[in-house]
Amino acid sequence: MESIAVVLAMLLAVVASGLLVRMVPVPIPLPLLQIALGAAIALVAHRGVTLDPEIFFLLFLPPLLFLDGWRIPKEGLFRDKGTILELALGLVVFTVVGMGLLIHAMIPAMPLAVAFALAAIVSPTDPVAVSAIAARVPIPKRIMHVLEGESLLNDASGLVCFRFAVAAALTGSFSLPAAALTFLWLAIGGIAIGVGVTLAVTHAKNALSRRYGEEAGSQILVSLLIPFGAYLLAEHAGCSGILAAVAAGVTMSYAELSGRALAATRMQRTAVWDTVQFALNGVIFVLLGEQLPRIFSGAVASVQEAGHHSPWWLVVYVLAINVGLALLRFFWVWLSLKFTLFRATRRGEAVRRPGWRLILAMSLAGVRGAITLAGVLTLPLALDDGSPFPARDLAIFLATAVIILSLLVASIGLPWLLRDLELPAEPEHEADEDRARVVASQAAIHAVEETGHRLAQGQADADLHADASARVMDLYRRRIDGQAPTGEAAGRIRKSDAIERELRLAGLRAERDAVYRLARERALSDESARKLVREIDLLEERYR
């Protein structure tokens with residue numbers, strides 16, 4: 001009962017953090033506030049939560065990675081794919097090697113494999129944490145798209161490297177050729193399973209919905225189970241469950257373009273997933289705060305085993321690791337931008353060289369967050385021979401300190417660096433959205449005409465149907481002409497309202513089908529399509 005009470009207290013702390021972060025006049029990052037609330041719970045509770053690493057990994061990572069893949073803007077991902085891949089793959093390997101060697105040299109008591117594991121788990125960045133600290137100073141969209149794309153891919157690459165390092169620590173051996181082959185199997189198999197699970201589940205769900213109807217609760221529950229199914233199936237096949245969850249989310253975003261789900265299902269599902277994301281991210285940081293006292297005690301003991309009797313050596317380690325991460329990221333971002341400009345010049349494109357503020361902002365924006373914490377807490381408790389995992393508490397403490405310090409530095413430095421920062425103009429989507437609205441309105445007019453004729457057949461009050469059709473079509477014609485609809489239709493009789501309601505629903509369904517068709521044809525970005533579909537869904541719910 002006490003453990004359940006602690007879990008409920010953590011959820012309450014997540015709720016309180018959302019309120020407190022808006023009440024406090026100083027812009028405190030939400031994750032830091034949640035860590036503080038978790039530490040407060042640890043001081044009050046007599047027993048903490050004992051974490052099983054594998055269960056923790058399964059509960060938290062699949063849904064978070066799935067949602068990242070589902071919602072990331074694909075247009076920005078493909079446009080900046082070169083830069084994103086350089087940061088998500090090249091920077092991860094660069095960080096693992098550089099920081100692993102630095103950590104091992106600095107802390108000889110930490111085995112090299114454990115040092116590499118720590119370096120791998122602090123390599124993924126967290127755009128949610130970046131958004132939290134830059135809420136008062138909006139991050140330019142181009143930078144956010146790059147950070148989101150980097151985070152989506154480096155979550156997978158960093159965690160896969162982490163798994164390799166942990167396996168080496170457990171077995172005491174490592175073979176690069178074998179690791180390369182294993183990585184290919186992990187990556188290809190994981191991606192294939194993630195894509196296959198989402199497509200199979202979506203196809204089966206749509207077939208059953210067409211035949212037996214759709215129930216929103218069941219559809220939402222299915223979407224929540226997909227990432228866990230993909231993760232577990234991939235892990236059972238010896239592939240990467242992490243990549244399977246990411247691939248399942250990306251595939252889900254494309255599967256949704258079929259537009260088969262009801263508007264009510266999409267709206268409720270969005271609300272549920274927003275809640276799940278907020279709760280999981282929040283609980284992870286609250287849990288970090290709750291574990292912090294025990295982690296610190298274990299880290300002090302590890303430092304003393306290394307021959308340093310003063311706990312202040314922990315501060316030295318934390319500062320050295322954060323400085324090393326910042327320098328490595330700054331160098332790689334500078335190198336990546338140079339390479340991007342070189343390729344653009346080779347293609348004959350006009351390029352604008354970025355200033356040092358942009359490079360520094362991209363470097364500071366590499367904030368660590370939920371994925372780093374979730375991963376490092378899955379370090380095994382013991383080796384294969386039953387002995388305690390070496391320097392486990394110290395590794396967890398250092399990863400925790402990296403998260404906290406990177407949040408603090410970014411919360412202070414990013415607003416200053418991003419203020420009045422001049423960037424190349426972003427491609428505007430307003431024109432695409434306007435064209436999509438015109439196309440959708442034309443499709444709606446055609447659907448209203450057909451539905452109006454069908455409803456009026458054999459009816460004595462055909463003129464009533466004609467008047468209702470004219471009113472609805474006039475609304476769409478005004479939209480095409482750029483005029484705002486009035487929305488005033490007082491005095492309609494009840495039957496006319498029912499007819500108009502059916503006509504409006506027919507028009508909205510046609511609008512949504514047209515928007516999805518444009519998105520499938522790549523004539524409209526998925527971000528704009530999602531925005532337009534949500535507008536249509538809200539209107540549809542109004543008339544149901």
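How many aromatic pairs does the structure hold? I found eight aromatic pairs, where rings of Phe, Tyr and Trp (its six-membered ring) pair if their centres lie within 6.5 Å, and planes under 30 degrees apart count as stacked, over 60 as edge-to-face and the rest as tilted.

I note that this is a predicted model, in which local features need pLDDT of at least 70 and side-chain atom pairs count only at pLDDT 80 or more, while totals for chains, interfaces and linings use all residues. Residues are numbered from 1 along each chain as its sequence is written, and side-chain values use heavy atoms, with hydrogens and water left out.

Entry 1: aromatic pairs.
I looked up F66 and W70 and found their ring centres 5.5 Å apart with the planes at 65°, so this pair is edge-to-face. Both residues lie in helix α3 (residues 53-71), four residues apart, about one turn of the helix; helices are DSSP runs of H or I of at least four residues, numbered from the N terminus. F66 is buried at a relative accessible area of 0%, and W70 is buried at 11%. For these terms I used under 20% relative accessible area for buried, over 50% for exposed and in between for partly exposed (1.4 Å probe, protein chains only).

I then turned to F94 and W332, whose ring centres are 5.1 Å apart and whose planes stand at 35°, so the pair is tilted. This pair links distant parts of the chain, with F94 in helix α5 (residues 81-106) and W332 in helix α13 (residues 312-346), 238 residues apart. F94 is partly exposed, at 27% relative accessible area, whereas W332 is buried, at 19%. I also recorded a cluster in which ring pairs link F94, F331, W332 and W334.

Entry 2: helix α8 and G149.
I located G149 in helix α8 (residues 141-171). G149 is buried, with a relative accessible area of 0%. Not counting residues up to four places away in sequence, G149 touches I72, L77 and I84, contact meaning heavy atoms within 4.5 Å. I also looked up F78, 71 residues from G149 along the chain, and found their C-alpha atoms separated by 9.1 Å.

For the helix as a whole, 22 of the 31 residues of α8 are buried, so α8 is largely enclosed by the rest of the structure. I noted a bend of about 30° at N154 in α8, the bend being the angle between axes fitted to the seven residues ending there and the seven starting there. Just after α8, G172 takes a positive phi of about 80°.

Conventions
Helices (H or I, at least four residues) and strands (E, at least two) are DSSP runs, numbered from the N terminus.
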